[in-house]
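Here are a few exercises to work through with the model open beside you. Try each task before you read its solution.

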Amino acid sequence: MAHIIVVGNEKGGAGKSTVSMHLATALARMGHRVSGLDLDLRQRTFGRYVDNRNAFIKQANLDLASPKLCELPEIEASSLKPGENVYDHRLSAAVASMEPDNDFILIDCPGSHTRLSQVAHSLADTLVTPLNDSFVDFDLLAHTDAMGDKITGPSVYSEMVWTARQLRAQAGLAPIDWVVVRNRMGAQRMVNKDKMEKAIKNLSKRIGFRVAPGFNERVIFRELFPRGLTLLDLKDVGVKQLNISNVAARQELRDLIKALNLPGVTPDF
């Protein structure tokens, strides 16, 4: 049975699609069979990323390991029973079709609350939540006092994950391994960075997630998107010598994959 990785966060701009593409492509390059779903039916950033990759590979006549992008199938409304949601059936049908032929299924969720996103979270074996190093983003997980030192209660996204965990428990499924990824961190040690680190550590114990390092803010990620490339593809497309920033970013990807502790996965790059 395929291991389902859901990349979710109800706030845009946290780097979900960048994380999704790098995870999916890294797994494919390591020899795993990987398919992906983009549940942001309007923007399709992850879907566009994969489309760009496929177009570039064809144009450059390259052979690069890639995740397979799948689409949600259409469901006849007449086949639904009273009270059933069409999006539930479209998502379950998509996952059921992908499971037999894949080791991993990666689902990229939109930066907003939707029915599709809610159901996807209940399917997650591993939930990856990228989080910018800011209390604006932290507020999605929990509310704090004015000084940012005391957590006053969980927020909307944490409550949704809690509901997803309950649904999995009722279905007799294994618990979600929830990993919050600290993304776009600055290199300098600052007061806000220290406060964020303390707040996330405290919250992780209260609502049950692990913390993993993500990507620092780097221009390279914006440059790779139009060609659908990732950090691991640079040498394959003719970059003979990586600069210090690129080498550091590859290490960040390696550290992230190690921290996720996915079944049968050992980073070999």
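**Exercise 1: The partners of a strand**

β1 pairs with strand β5 (residues 126-132) in the parallel sense, over 3 bridges. The model is a predicted one.

Task: Find the residue in β5 that stands opposite V6, then find the one opposite V6 in β4.

Solution. Start with β5: there, V6 stands opposite L127. Next, turn to β4, which also pairs with β1 in the parallel sense, over 5 bridges. In β4, the residue opposite V6 is I107.

**Exercise 2: The faces of β1**

Task: Decide whether the residues on each face of β1 are buried or exposed.

Solution. In a regular strand, side chains alternate between the two faces of the sheet. Sort the residues of β1 in that way: H3, I5 and V7 lie on one side, and I4 and V6 on the other. Now check each group; all of these residues are buried, and both faces are covered. With 5 of its 5 residues buried, β1 is therefore largely enclosed by the rest of the structure.

**Exercise 3: A helix and its core**

Solution. First, locate the helix: α1 covers residues 16-29, and its 14 residues reach 20 Å from the first C-alpha to the last, close to the 20 Å expected. Second, apply the cut-off for buried, under 20% relative accessible area. Third, look at the largest nonpolar core, which has 41 residues; L27 and I257 touch the most other members.

**Exercise 4: The largest pocket**

Task: Identify which residues lie nearest the centre of the largest pocket, and which element supplies the largest share of its lining.

Solution. Begin with the space itself, about 560 Å³ in the largest pocket. Then take its lining of 31 residues: G15, K16, S17, T18 and T45 lie nearest the centre. The elements that give two or more residues to this lining are α1, α2 and α8. The largest share, 4 residues, comes from α1. To end, step just past α1, where G31 takes a positive phi of about 95 degrees.

Methods. Residues numbered from 1 in each chain as written. Predicted model: local features only at pLDDT ≥ 70, side-chain atom pairs only at ≥ 80, totals over all residues. Heavy atoms only, no water. Expected span 1.5 Å × (residues − 1). Core = buried A, V, L, I, M, F, W, Y, C linked by side-chain atoms within 4.5 Å. Buried < 20%, exposed > 50% of the residue type's maximum accessible area, 1.4 Å probe, protein only. Pairing = 2+ DSSP bridges. 1 Å grid on protein atoms, 1.4 Å probe; cavity = no way out; pocket = protein on both sides within 12 Å on 5 of 7 lines; lining within 4 Å. Points joined across faces, edges and corners; volume = space filled by probe spheres on them.
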